[in-house]
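Please look at the model below.

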Amino acid sequence: MSFYDRMEELYGLPAFTFPAQETPTPLPEPDTVAWLITGQPDAVVWRSTVGEPLVEEEGWEEVFERFCAEVDTTRVRALIVGCWNDPLDMDPSEAMEALLAARDRLPALRSLFLGDIVAEECEISMISQTDVTPLLTGFPALEDFGVRAGESTSMGDVQRLEFPALRHDALRRLTVQSGGLPADVVRGVGASELPALEHLDLWLGVSEYGGDCTVEDLEPILYGDRLPRLRHLALRNSEIQDEIAAAIASAPVTARLEVLDLSMGTLSDDGAAALLGGQPLTHLKKLDLHHNFLSEPLRQRIRDTLEPAGAEVDLDRGDAKPDGDGGTVERYVSVAE
């Protein structure tokens, strides 16, 4: 899976791309959309037709400067940071600095996503990142924060995502999308004090692309002492999905969850059986296991166990092929490269 389309919504608001300078477009009310601010990769000067004047494509900071001049930013509730100038070789530090410099002009901002970058701009494994926690520190009222990051160890030097432990009293939703999430990021999230966090979504990825997280790295999250309000836990897109499922079966946090998401990874009958053999899951409102490698008998066991209790179960395989029939099936995560 690659990201071929932009995000369609954030914070319950439809995404709206702030228009390019040469494209006059009526603007919506500032608080009715999630504003996508995107620049041009490797901004250059170009001529569209012979004889026409040169037009300079804007970098991310220039687009954001225009956005601040043309929109009443005091009413903006959600921002999506799209492609900065060169996400392959540059991290988003300059875009982050621009956001932090404008924080007094964004008093209503409650949701921020860093890195809505599609495949034609840069594959997820190659998106350079940095320490993103200054954005959380700089926006203490932020309720929803997400980031998309790469960590390719096979295709070059990509600047790593960092997430040192912090405290944030307002954050309710945290999403980290990656094809290979470094273990130190997972440990940083687990060591953070997030008393309001209700929704945690980590895409753990594969070792080939830097996803070196182990179940032991997840233990602070699974104990949940620092996450007293957590109700939606997604530990997905992992090549150790069976091990995670087995750990979830006895994790203290599980009894508090309403939604458990172990989708997009390499879940097999072994992991699903371990999950069913642990503490009861009938209190869940939803169990999401889409993109799985489960046999039909195990899939039916899950349905028979949870659906009579009113739980929604997503067992959609997508393009994943089930294990079985004595054949060798290569299991793979949804998002890596």
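The protein carries 27 positive and 62 negative side chains, with Lys and Arg counted as positive, Asp and Glu as negative, and His and the chain ends not counted. The centres of the two sets lie 8 Å apart, each charge being placed at NZ of Lys, CZ of Arg, CG of Asp or CD of Glu.

The model is predicted: local features need pLDDT of at least 70 and side-chain atom pairs count only at pLDDT 80 or more, while totals for chains, interfaces and linings use all residues. Residues are numbered from 1 along each chain as its sequence is written, and side-chain values use heavy atoms, with hydrogens and water left out.

The C-alpha trace spans about 70 × 45 × 35 Å along its principal axes. The protein has eight helices and 14 strands, which are DSSP runs numbered from the N terminus (helices H or I, at least four residues; strands E, at least two).

Of the 337 residues, 54% count as buried, meaning under 20% relative accessible area, with exposed over 50% and partly exposed in between (1.4 Å probe, protein chains only). The largest nonpolar core has 90 residues, and Phe64 and Leu79 have the most contacts inside it. Such a core is a set of buried Ala, Val, Leu, Ile, Met, Phe, Trp, Tyr and Cys residues joined through side-chain atoms within 4.5 Å. Helix H1 (residues 60–70) gives the most to this core, with five residues. Beyond its neighbours within four places in sequence, leucine 79 is in contact (heavy atoms within 4.5 Å) with residues including Leu10, Trp35, Phe64, Leu99 and Phe113. A second, separate core of eight residues includes Met7, Leu13, Ala78 and Ile80.

Helix H6 (residues 241–248) contains alanine 247. Is alanine 247 buried or exposed? Its relative accessibility is 16%, so alanine 247 counts as buried. In H6, six of the eight residues are buried, among them Gln241, Asp242 and Ile244. The elements that cover these buried residues include strand E10 (199–205), helix H5 (215–223) and helix H7 (269–276).
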